[in-house]
Every structure is written in C-alpha cells, then in structure tokens.
Amino acid sequence: MSNTNIASDAAIVESKIAFNTSTGHDHDGTDSKLIVVGAYHFIEGAELIYDTAATFHANPGVVELNGTLLSRTSASTTRSLATAGDWVQGDESASEWVYAYAYNDSGTSWDIKLSDQPPLYYDCNTGHTVGVLRYRDFASVWYRCIGAVRNDGSSNILKFYQDGDWITYDVPQNLLNNGTALTWTDVDCSPYVPSFCQLIQIFVASGATAGYVRPNGSSWGKTAANTDSIWTNSSDSHILTIHTDSSQIIEYVQAATADNEDIRLISYYVGAIR
C-alpha cells in the first residue's frame, strides 16, 4: 500500500519496517527479556557422563532453573572430585553420594558444580519442601540437581552409563549375598541408590528353594498367588523393576526352607528429578 492509494483526508501515511537480518534478535536479556517458561522442571539432554574414577561431565541440553530455560550446546565443564573449586558445597569423601547441580553461568547457559548435599526444594522457593525435590540454594544462588554418582570406599566414582532417565552401573552392585531370612527382612539399597530415587532394577537369584522380594511394607505374601513378578524359583534368576520406600529399602524372604538368595543392583531411575 502506498500514499497514492490513501485518501488525502484520511490522516494515514505509509510507513516501512526494517528487520536486522545480519545479527537477528536474541532473547538473552540484552535486547529483550529472557525466555521465561510456563511449565517448570523442564530438562532435555544434560545426561551425566563418566570420564574417569575421579571425573565426570554432563551432555549439552536445556535445563529449566528458576523459571528460565538455560541452553548449552557443548558439554559441561568436566568436574573433578579432587578439585576444591569444582564443589559448591562439601568436598571429596569416601563412600558418599556426589550430586551434580546445574547453575546459571552466563545468563543464558548453564554449567555444573558438585555437592555432597541432596536437593531440598520442589522449586526455587525455600518454603516448598513437599513433592519431588530438585532444587537447592547455596549462598543465596539457586541450583538444580540433574543427577548423582556414587563415590566408593576407595574414593573412586563407580563407573556408570546414563541412558535417558536410567543410570546403570558398569558392574552390578551387591545388595544381598546368601540371604537366608525366613521372614520378610529389609535390604538397604541406599549405598547404591540416591535419595531422590525410588525405582530400581535388580537381579535376583535363589538357590534350591524359591526367594521373594517386595517393596518395603507391602502386603504381598510369599504364596503362589503373589509370585507374578516378585519371586525367583528354585535355582532360578530374574531381573525385576521394583519400587523402594523413601529410604531406598526393599524386603526379601526365602521360602519354607532357609536357602541362599542374592540381590544385585543394576540401575536406578532419575526421571523423578528430570
């Protein structure tokens, strides 16, 4: 439309708009507002990657933190348990969980730091302590937990692989060896399952008699009617997915005759915080 098509008394004048096609427009807080999301807790990518017995990093990805989407197109900084500056809180200690926390490192991107403390809050509000806990504030700066790795008794990170929302140990970890209990008995999985996880995969094997496992406090009994997915038959083995309680405990029992039952932890589900 041009001025020649507009009546002279219409008080309308042709205007033109020019767009910058060379540099574009960035939502990074310099020439606009940062992108604030309506749905919190979003995460894509950012899987943890084992490097050595002392180091790991995270894949590129998008992480929501305090209502803002932070994007990273390259791997995170490789963090070392032995480097004090890589910890936002705590330091290296044998037989501990090492939590990986994402933080806003540039206004638009994220990186990770280490802590020996689990997440405390549902979102970035210190009053919100009920629900799935993903966040923690250190020195009034918000961090989001994206996973955790186990440091063993020799201060070596147990080798792992993360596929989506599951972290699998390179070598299955021993939860029970030659168990002989004839009444339901606790099996503590917390040495190999972090505090925010309650879904695990285990390998269960029994000797000459049947063995059973169940979530802690479940009403499942050791009868034929309750053996669809919680038992191992005589000299048999199974891989099971099972729910722990909030303390990462399951239960096991042997059949009428005391025998040996073995349980190994294969992997744990981190989807609750992702």
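This is a dialogue on reading a predicted model of one protein chain.

Student: What should I know about the model before reading it?
Tutor: The model is predicted, so local features need pLDDT of at least 70, side-chain atom pairs count only at pLDDT 80 or more, and totals for chains, interfaces and linings use all residues. Residues are numbered from 1 along each chain as its sequence is written, and side-chain values use heavy atoms, with hydrogens and water left out.

Student: What is the mean pLDDT of the chain?
Tutor: pLDDT is the predictor's confidence in each residue, from 0 to 100. Here the chain has a mean of 86, and 81% of its residues reach 70 or more. Residues 224–229 have pLDDT below 50, and this stretch makes five contacts in the model beyond near neighbours in sequence. Where pLDDT is low, the predicted coordinates should not be read in detail.

Student: How many helices and strands does the chain have?
Tutor: Both are DSSP runs numbered from the N terminus: helices are H or I with at least four residues, strands are E with at least two. This chain has zero helices and 20 strands.

Student: What do the contacts say about sequence separation?
Tutor: A contact means heavy atoms within 4.5 Å. Of the contacts in this chain between residues at least 6 apart in sequence, 68% join residues at least 24 apart.

Student: Which residues does Gln254 contact, and is Gln254 buried or exposed?
Tutor: Buried means under 20% relative accessible area, exposed over 50%, and partly exposed in between, with a 1.4 Å probe and protein chains only. Gln254, in strand E19 (residues 249–254), has a relative accessible area of 0% and is therefore buried. Leaving aside neighbours within four places in sequence, the contacts of Gln254 include Gly179, Leu182, Tyr212, Lys222 and Glu261.

Student: Where is Glu261?
Tutor: Glu261 is in strand E20 (residues 261–269). Its relative accessibility is 0%, so Glu261 counts as buried.

Student: Is Glu96 buried or exposed?
Tutor: Glu96 counts as buried because its relative accessibility is 11%. Glu96 lies in strand E8 and, not counting residues up to four places away in sequence, touches Trp87, Asp91, Asp116, Val149, Arg150 and Asn151. From Glu96 to Tyr192, 96 residues apart in sequence, the C-alpha distance is 9.7 Å.

Student: Which phi value does Ser95 have, and where does Ser95 lie?
Tutor: Ser95 has a positive phi of about 55° although it is not a glycine. Ser95 sits in the loop between strand E7 (87–89) and strand E8 (96–104), and at 43% relative accessibility it counts as partly exposed. Ser140 has a positive phi near 65° and belongs to the loop between strand E10 (135–138) and strand E11 (141–151). With a relative accessible area of 69%, Ser140 is exposed.

Student: What share of the accessible surface belongs to carbon and sulfur atoms?
Tutor: Accessible areas come from the Shrake-Rupley method with a 1.4 Å probe; for residues, only the protein chains shown count as cover. The chain has about 13500 Å² of accessible surface, and 50% of it belongs to carbon and sulfur atoms.
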